[in-house]
Amino acid sequence: AQIEPAAGPPGLDGKQGFRGKDGARGINGRQGWAGAKGATGFVGLRGPHGKPAAAGTDGMDGERGPRGLTGPLGRTGPQGTDLDACPGGVSPGAETRLVDCSTLGCRVEVQHNGVWGTVCDNAFTMSDAEVVCRSMGMTGGREKKRYGLYDWKEAVSHIPIWMSRVKCSGDEIMLEHCAHKDKDFVWGETHCEHDHDVAVCCVRF
């Protein structure tokens, strides 16, 4: 039989060969399972205010509601002035005034110690009425006796009757300058009641 020679020692390593070409791309693998939900993040900073929007158009008027309940009656107003009534007012020096006027006349009141009071019609004449009108800056003078019966007012019953039995010559400037038929005349001492309050009707210039 033929005898095989013994193997010799290994040879030296050869030089590195060139890099081979890249292989073809493999098939995509299956999608993995969804990961766990992440933790909630911090709240962000508030943004700036937006610009105001333009005003919208007015809506249509709504339907008229039902009528409300009738309210209570108001207080009675003051009595109106008769357009044909005699003229009243206060004298320039506030010594005499004509109030509660009607077509018959105005109640004569005089002021004494800062208090207004009436004048009794006892012995009151047209001459006295003319003096009253002169003190008011008016002319004429027509007296109306027992005016308190015609125009009774509860409030008048509580004020004094300052004068009675006045005796004017007709030339005086105001009633207080006139004489009295009672020589011992004292303000407020009369025998009259308010139903005898005198009234006067004057004529404006």
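**View 1. The second largest pocket and what lines it.** This pocket holds about 190 Å³ of space. Keep in mind that the model is a predicted one. Around the second largest pocket you'll find N122, S164, R165, D182, D184, F185, V186, E189, T190 and H191. Sorted by class, that lining comes out as four charged, four polar and two nonpolar residues.

**View 2. Y147 and Y150, a tilted aromatic pair.** Searching the whole structure turns up three aromatic pairs. In the one formed by Y147 and Y150, the ring centres are 5.6 Å apart and the planes sit at 40°, which makes the pair tilted. Both tyrosines belong to helix α2 (residues 147–150), and because they are three residues apart there, about one helical turn separates them. Y147 has 0% relative accessibility, so it counts as buried. Y150, on the other hand, is at 46% and therefore counts as partly exposed.

**View 3. W162 against W187, edge-to-face.** Here the ring centres of W162 and W187 are 6.2 Å apart, and the pair counts as edge-to-face because the planes meet at 80°. W162 is in strand β6 (residues 161–163), while W187 is in the loop between β8 (179–180) and β9 (199–203), so this pair ties together parts that lie 25 residues apart in sequence. W162 is buried, at 12% relative accessible area, whereas W187 is partly exposed, at 26%.

Methods. Residues numbered from 1 in each chain as written. Predicted model: local features only at pLDDT ≥ 70, side-chain atom pairs only at ≥ 80, totals over all residues. Heavy atoms only, no water. 1 Å grid on protein atoms, 1.4 Å probe; cavity = no way out; pocket = protein on both sides within 12 Å on 5 of 7 lines; lining within 4 Å. Points joined across faces, edges and corners; volume = space filled by probe spheres on them. Nonpolar A, V, L, I, M, F, W, Y, C, P; charged D, E, K, R; others polar. Phe/Tyr/Trp six-rings, centres within 6.5 Å; stacked < 30°, edge-to-face > 60°. Helix = DSSP H or I, 4+ residues; strand = E, 2+ residues; numbered from the N terminus. Buried < 20%, exposed > 50% of the residue type's maximum accessible area, 1.4 Å probe, protein only.
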